[in-house]
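I'm opening my notebook on a structure that is new to me.

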Amino acid sequence: MEDIDKFRVLVMGRANAGKTTVLQRVCNTVDKPEIFDGNGRKIDNAVVQGTLGHGYHNIEHELVFQSNPGYVFHDSSGFEAGSTQQFDNMKKFVISHAATNSLEKRIHAIWYCIPMTDYERTVTAAEQKFFNECDTGHVPVVVLLTKVDFFHLVAIEELLDEGLKMEEAKRRAIARASQLLEKWQVHIKHILDQCKFPPKFYLPLTKMHEEGTDCAALIQCTASALNEEGLERLLISTQQSSMALCIEFAMSR
């Protein structure tokens, strides 16, 4: 495998799916990323904030956090509104960056975020269109269930509606929230596994709103989805904050 030092991830999902927060937790920062064009030129921060504020992202742009420059992220704007052009642009990017002979320019993994705050519409036409029409080849797709902590509030509301007092509802909420997560994860998996190009793994993410949240499970899941040991090693070493993960990987080889 050619010598590369950047692990490249395409992050996908509808607006307000918590994508930026996930990337900040992975890179252990609260700062915004620096953004570069496809030729490595930094894009003016005022322009960046203006486009981010309108929910627009150029998928070709590279997002890099100074806290961990070993990652290069690409952010696909949501295409749930049914824009054919947005979908076609995303598909063209995925196919070209999955098939390129340059491992450095290739996307190594795709994280597809589905927010549980929209749990009653977890799988929209956009998700089904992507997993039925977009062949990512050897690049694994991991579905990330984001904002899972929302189920705790849903659980309390359900228990209160069932006649429990608030104290008892809070006591039982953790178990009920776990049941809700399992129910909707099974629902999502049932639908997407029937698609032509299903995800490799499904992973619920909790406490992403808390600074310092450990992302070892996400990195481990992504590493397990990769089919090249060199990429696994690169990903594990890129995750600087998880020494335990590095040791575990080394011992497993």
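This is a predicted model: local features need pLDDT of at least 70, side-chain atom pairs count only at pLDDT 80 or more; totals for chains, interfaces and linings use all residues.

Tyr112 and Phe131 make a tilted aromatic pair, with 5.3 Å from centre to centre and 45° between the planes. I then looked up where they sit: Tyr112 is in strand β5 (residues 109–115) and Phe131 in helix α4 (residues 125–133). That puts them 19 residues apart, so I've noted the pair as a link between distant parts of the chain.

Then I went to Tyr119 and Trp184. Their pair is edge-to-face, 5.5 Å centre to centre with 65° between the planes. Tyr119 belongs to the loop between β5 and α4, while Trp184 is in helix α6 (residues 166–192), so this pair ties together parts 65 residues apart in sequence. Both Tyr119 and Trp184 are buried.

For the overall tally, I wrote down 10 aromatic pairs in the structure. I also found a cluster joined by ring pairs: Phe7, Phe65, Tyr71, Phe73 and Trp111.

**A charge over a ring**

I looked at Lys129 as well. Its charged end sits over the ring of Phe87, 4.5 Å from the ring's centre.

**The loop residue**

Last, I turned to Thr213, in the loop between β7 (201–204) and α7 (216–225). Is Thr213 buried or exposed? Its relative accessible area is 16%, so I put it down as buried, since the cut-off is under 20%. Leaving out residues up to four places away in sequence, Thr213 touches Arg25, Thr206, Lys207 and Met208.

How values were computed: Residues are numbered from 1 along each chain as its sequence is written. Side-chain values use heavy atoms; hydrogens and water are left out. Helices (H or I, at least four residues) and strands (E, at least two) are DSSP runs, numbered from the N terminus. Buried means under 20% relative accessible area, exposed over 50%, partly exposed in between (1.4 Å probe, protein chains only). Contact means heavy atoms within 4.5 Å. Rings of Phe, Tyr and Trp (its six-membered ring) pair if their centres lie within 6.5 Å; planes under 30 degrees apart count as stacked, over 60 as edge-to-face and the rest as tilted. A charge sits over a ring if NZ of Lys or CZ of Arg is within 6 Å of the ring centre and within 35 degrees of the ring normal.
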